[in-house]
Amino acid sequence: MGMKTKIALGAVVGIAVIGAMSANSGDGGGDGGGKNDGRTSASAGEKSGDGAKADGGKADGGKADGASDAKPAEDKAVEKASQAEQFKAFVQKNGSPNEKNAVSHVTKVQGADEQNDILDAADVYTDFTGGIMGEGTGPAKLIASAFADWKDSENGLVTIYDAEGELLGNGQF
């Protein structure tokens, strides 16, 4: 056998061994039955966690789930809400009347969920029309201010857009 053939054969065997090890390491099999319904172990854990909450914490999760069921269920509902819904809920709870009125026009929020404090950028879309010369310029500053109260970043920029994607304003958060 030549040198190139030995190297190629060694590489193939190495890749096969690594592939077999990685395939077997992710199975988990924590349900005790050893059944595999095609889900990854992370999604299976998430699904079983949701099922425990849906039946009032009576799954075999233990007493800790049942004792603190009210607050985690509320947090789960907030996490599952869209970013726009989370933002509106925050402003309804903590905002001024003018901020509440301005934020009622928000239709979509993007980029608020993942921050790295290096260069965070969030976009807020509204139902205002007319771009920078339209009616939404004033409320855009209120929306940016409320957003800065909701999220905090070392170097964040929130940009407010109208219904047609035209720039209304921006601010730091």
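Let me start with Phe87: its relative accessibility is 0%, so this residue counts as buried. Bear in mind that the model is predicted.

Phe87 belongs to the largest nonpolar core, which has 21 residues. Val109, Ile143 and Phe147 join Phe87 as the residues with the most contacts inside that core. The elements giving two or more residues to the core are helices α5, α6 and α7, along with strands β1, β2 and β3. Of these, α7, spanning 137-150, supplies the largest share, six residues.

Now Ile143. Which residues does Ile143 touch, once neighbours within four places in sequence are left aside? Phe87 is one of them, and the others are Ala102, Val103, Val106, Val124, Thr126, Phe128 and Ile160.

On to the rings. Searching the whole structure gives five aromatic pairs. One of these joins Phe87 and Trp150: the centres are 5.2 Å apart and the planes at 35°, so we call the pair tilted. Phe87 sits in helix α5 and Trp150 in helix α7, 63 residues apart, and the pair therefore links distant parts of the chain. Trp150 has 16% relative accessibility; the cut-off for buried is under 20%, so Trp150 counts as buried too.

Trp150 also pairs with Phe147, this time edge-to-face, at 5.4 Å centre to centre with 80° between the planes. Those two are about one helical turn apart, because three residues separate their positions in helix α7. Phe147 is at 0% relative accessibility and so counts as buried.

Taken as a cluster, ring pairs link Phe87, Phe147, Trp150 and Phe173. Last item: Lys151 lies over the face of Trp150, 4.7 Å from the ring centre.

Conventions: Residues are numbered from 1 along each chain as its sequence is written. This is a predicted model: local features need pLDDT of at least 70, side-chain atom pairs count only at pLDDT 80 or more; totals for chains, interfaces and linings use all residues. Side-chain values use heavy atoms; hydrogens and water are left out. A nonpolar core is a set of buried Ala, Val, Leu, Ile, Met, Phe, Trp, Tyr and Cys residues joined through side-chain atoms within 4.5 Å. Buried means under 20% relative accessible area, exposed over 50%, partly exposed in between (1.4 Å probe, protein chains only). Helices (H or I, at least four residues) and strands (E, at least two) are DSSP runs, numbered from the N terminus. Contact means heavy atoms within 4.5 Å. Rings of Phe, Tyr and Trp (its six-membered ring) pair if their centres lie within 6.5 Å; planes under 30 degrees apart count as stacked, over 60 as edge-to-face and the rest as tilted. A charge sits over a ring if NZ of Lys or CZ of Arg is within 6 Å of the ring centre and within 35 degrees of the ring normal.
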